[in-house]
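Colleague: I have a model open and want to learn how to read it. Please take me through it feature by feature.

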Amino acid sequence: MIKIRNKADCCGCTACESVCAHDAITMQPDDMGFLYPVVDSSKCVGCGLCEKVCAFNEHYDTSLNLPIPDAYAARHKDMAEVETSRSGAAFIAISDYILEQGGVVYGVGYTDHFRVIHKRATTKEERNEFKGSKYVQSDIRGIFCQVKQDLKNGLTVLFSGTPCQTAGLNSFIGRKLRERLILVDIVCHGVPGPYVWRDYLAYLEKKQGAEICWVNFRDKQEFGWAAHQETFKFVNREK
Ligand SMILES: Cc1cc2nc3c(=O)[nH]c(=O)nc-3n(C[C@H](O)[C@H](O)[C@H](O)COP(=O)(O)OP(=O)(O)OC[C@H]3O[C@@H](n4cnc5c(N)ncnc54)[C@H](O)[C@@H]3O)c2cc1C
Ligand code: SF4
Ligand code: SF4
């Protein structure tokens with residue numbers, strides 16, 4: 001069974017939790033809100049699948065990788081898309097194509113009061129919430145099984161996330177179903193802790209005496225490409 005001895009050996013991708021048929025694994029937050037697997041040994045039958053699926057081990061399947069990466073640089077033709085995306089809006093162009101073919105798109109949005117989570121979208125309106133970087137580890141619990149179900153139902157799936165999340169999903173899905181799975185991994189220096197984000201929002205609301213109703217981790221339209229400035233709107237207040 002999986003045992004995290006060193007936190008650097010786990011990115012919280014949930015592949016181990018998703019693969020366990022005995023519901024022996026739950027993802028639990030540490031004191032920064034980062035999720036790690038915890039095994040209930042009374043439910044574990046010792047099958048070893050959780051260790052096998054983990055992308056942080058030497059069995060990780062790289063056989064479908066190109067020997068030399070095929071690299072292209074691209075920027076969306078529509079500047080309105082570029083201005084409202086974090087970078088060149090390649091994600092919007094690729095996901096537009098998938099949605100137009102009847103596929104589904106997974107990406108990062110918000111739930112109750114700007115908690116950062118992965119979500120599923122079948123329309124461009126739903127997908128637009130995924131635009132822009134959210135500099136927090138996304139809660140991805142339940143998503144890998146949903147992706148697998150979509151693939152089993154014959155849908156084409158685009159999944160976007162951090163490189164470690166896409167590696168975990170790639171391993172969890174396995175070779176048979178991979179043909180219809182398109183992985184978009186962002187360039188990523190690492191994810192800040194969810195509780196830092198939660199506590200920062202609470203701090204700002206206390207300081208301003210008003211509830212936050214809109215956030216943007218990097219407002220390119222107002223501050224340009226280079227700035228790394230978070231923007232907030234408060235209820236009945238200016239930005
Ligand atoms: C945590 C984090 C670290 C980053 N580190 C770097 C870096 O070191 N260097 C660099 O050049 N760029 C970095 N970026 C920026 C990132 O590479 C760009 O957002 C990416 O190039 C997307 O550009 P786009 O315009 O095509 O996407 P957009 O249209 O802006 O769409 C954003 C995409 O990012 C995904 N996403 C947003 N937030 C998260 C999240 N928390 N976890 C997983 N996926 C998310 C969405 O699902 C979507 O696919 C980072 C982004 C994040 C979220
Ligand atoms: S499969 Fe993912 S969540 Fe599980 S131990 Fe490995 S990296 Fe951590
Ligand atoms: S060894 Fe098998 S049963 Fe035990 S936690 Fe891992 S996947 Fe679940």
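Colleague: Is L204 buried or exposed?

Modeller: Start with what we are reading: this is a predicted model, where local features need pLDDT of at least 70, side-chain atom pairs count only at pLDDT 80 or more, and totals for chains, interfaces and linings use all residues. Residues are numbered from 1 along each chain as its sequence is written, chains are lettered from A and ligands numbered from 1 in the order in which they are written, and side-chain values use heavy atoms, with hydrogens and water left out. Now the term: buried means under 20% relative accessible area, exposed over 50%, and partly exposed in between (1.4 Å probe, protein chains only). L204 has 10% relative accessibility, so it is buried.

Colleague: Where does L204 lie, and which residues does L204 contact?

Modeller: Helices are DSSP runs of H or I with at least four residues, strands are runs of E with at least two, and both are numbered from the N terminus. L204 belongs to helix α8, residues 194-208. Contact means heavy atoms within 4.5 Å. Beyond four places in sequence, L204 contacts I212, F232 and F234. Take F232: 28 residues separate it from L204 in sequence, and the C-alpha atoms are 9.3 Å apart.

Colleague: Which residues does D150 contact?

Modeller: D150 sits in helix α6, residues 143-152. Its relative accessibility is 5%, so D150 counts as buried. Its contacts outside four places in sequence are V104, Y106, R120, L155 and V157.

Colleague: What does Q137 touch?

Modeller: Q137 is in the loop between α5 (124-127) and α6. At 8% relative accessibility, Q137 is buried. Leaving out residues up to four places away, Q137 touches C11, G12, G33, F34, L35, V116, V191, P192 and P194. The side chain of Q137 also reaches the backbone nitrogen of L35 at 3.3 Å. G190 is 53 residues from Q137 along the chain, with 8.4 Å between the C-alpha atoms.

Colleague: How many bridges join β1 to β2?

Modeller: Two strands pair if DSSP finds at least two bridges between them. Here five bridges join β1 (residues 25-29) to β2 (residues 35-39), and the strands run antiparallel. M27, for one, has P37 as its bridge partner in β2. The two strands form a hairpin with five residues between them. G33 in the turn has a positive phi of about 95°.

Colleague: Now charges. How many salt bridges does the whole structure have?

Modeller: Side chains of opposite charge can pair when their charged atoms come close. A salt bridge is a side-chain nitrogen of Lys or Arg within 4 Å of a carboxyl oxygen of Asp or Glu. The whole structure has 13 salt bridges. One of them joins D30 and K7, at 2.8 Å from N to O. D30 is in the loop between β1 and β2 and K7 in the segment before α1 (15-19), so this pair ties together parts that are 23 residues apart in sequence. D30 is buried at 16% relative accessibility, while K7 is partly exposed at 43%.

Colleague: Which salt bridges does R115 form?

Modeller: R115 pairs with D112, the closest N and O atoms being 3.6 Å apart. R115 also meets D139 in a salt bridge of 3.0 Å, N to O. For accessibility, D112 is exposed at 54%, R115 is partly exposed at 38%, and D139 is buried at 11%. Elsewhere, D96, E100, K124 and R127 are linked in a network of salt bridges.

Colleague: Last feature. How many residues surround ligand 2?

Modeller: A residue is near a molecule if one of its heavy atoms lies within 4 Å of it. For ligand 2 there are 13 such residues, and the closest are C10, C13, T14, C16 and C54. As for classes, Ala, Val, Leu, Ile, Met, Phe, Trp, Tyr, Cys and Pro count as nonpolar, Asp, Glu, Lys and Arg as charged, and the others, Gly among them, as polar. The shell of ligand 2 has eleven nonpolar, two polar and no charged residues.

Colleague: Which residues are around ligand 3?

Modeller: The residues are M1, C20, H22, A24, I25, V39, C44, V45, G46, C47, G48 and C50. By class, nine are nonpolar, three are polar and none is charged.

Conventions:
A polar contact is a pair of N or O atoms within 3.5 Å; within protein, one must be able to donate a hydrogen and the other to accept it, and residues adjacent in sequence count only if both atoms are side-chain atoms.
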